[in-house]
Amino acid sequence: MLLAGFGTILWLLNLAMLILAVVALGIAVFAREDAYRAADKQTKMFWLILLGITVAVNLLVPMLFLQIAGLIATIVFMVDVRPALRQVSGGGRRGGSSSDGPYGPYNGGR
């Protein structure tokens with residue numbers, strides 16, 4: 001009974017790693033090539049190959065060591081590269097300035 005529950009947890013973790021890798025790969029595919037250079041990150045092809053291998057490993061070769069290495073690469077992309085690409089591409093905040101609050105511009109009590 002305990003082993004069946006552990007197997008279910010591992011299956012869910014594998015599924016979560018696969019979904020995260022597929023989402024990161026999709027983001028990498030749709031980002032512009034020049035945004036990678038402007039953000040001073042590795043090339044688009046580098047990230048496509050790395051994340052593509054990660055998705056393939058998660059689907060075809062369920063070896064925990066390789067999956068963890070792919071998870072680390074995916075996390076680096078999502079936490080470091082994706083925000084840099086969004087900043088360079090003009091993503092992120094839609095309009096407004098840095099002094100805007102949740103209900104409009106902050107004018108310092110004037």
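User: Which residues do ring pairs link into a cluster?
Analyst: Phe-46, Trp-47 and Phe-77 are linked that way. Rings of Phe, Tyr and Trp (its six-membered ring) pair if their centres lie within 6.5 Å; planes under 30 degrees apart count as stacked, over 60 as edge-to-face and the rest as tilted. This is a predicted model, where local features need pLDDT of at least 70 and side-chain atom pairs count only at pLDDT 80 or more, while totals for chains, interfaces and linings use all residues. Residues are numbered from 1 along each chain as its sequence is written, and side-chain values use heavy atoms, with hydrogens and water left out.

User: How many aromatic pairs in the whole structure?
Analyst: Two. Phe-46 and Trp-47 make an edge-to-face pair, with 5.3 Å centre to centre and 85° between the planes. The pair of Trp-47 and Phe-77 is tilted, because the planes are at 55°, with the ring centres 5.4 Å apart.

User: Is Phe-46 buried or partly exposed?
Analyst: Phe-46 counts as partly exposed because its relative accessibility is 35%. Buried means under 20% relative accessible area, exposed over 50%, partly exposed in between (1.4 Å probe, protein chains only). Trp-47 is at 6%, so Trp-47 counts as buried. Both Trp-47 and Phe-77 are buried.

User: On to the core. Which members of the largest nonpolar core touch the most others?
Analyst: Tyr-36, Trp-47, Leu-51, Phe-77, Val-81 and Leu-85, out of 13 residues in that core. Helix H1 (2-30), helix H2 (33-38), H3 and helix H4 (64-89) each give two or more residues to this core. H4 gives the most, with five residues. A nonpolar core is a set of buried Ala, Val, Leu, Ile, Met, Phe, Trp, Tyr and Cys residues joined through side-chain atoms within 4.5 Å.

User: What does Tyr-36 touch?
Analyst: Leaving out residues up to four places away in sequence, its contacts (heavy atoms within 4.5 Å) include Ala-28, Lys-41, Trp-47, Phe-77, Val-81 and Leu-85.

User: And Thr-54, where is that?
Analyst: In helix H3. Thr-54 counts as buried because its relative accessibility is 6%. Beyond residues up to four places away in sequence, Thr-54 touches Ala-21, Gly-70 and Thr-74.

User: Why does Ile-68 count as partly exposed?
Analyst: Because its relative accessibility is 40%. Ile-68 is in helix H4.

User: Zooming out, in what order do the elements run?
Analyst: From the N terminus on, α-α-α-α-β-β, with four helices and two strands. Of the 110 residues, 23% count as buried. Among contacts between residues at least 6 apart in sequence, 62% join residues at least 24 apart.

User: Last one: which elements have the lowest and highest mean pLDDT?
Analyst: Strand E1 (residues 100-101) has the lowest, 62, and helix H3 (residues 44-60) the highest, 95. The chain averages 86, and 79% of the residues score at least 70. pLDDT is the predictor's confidence in each residue, from 0 to 100.
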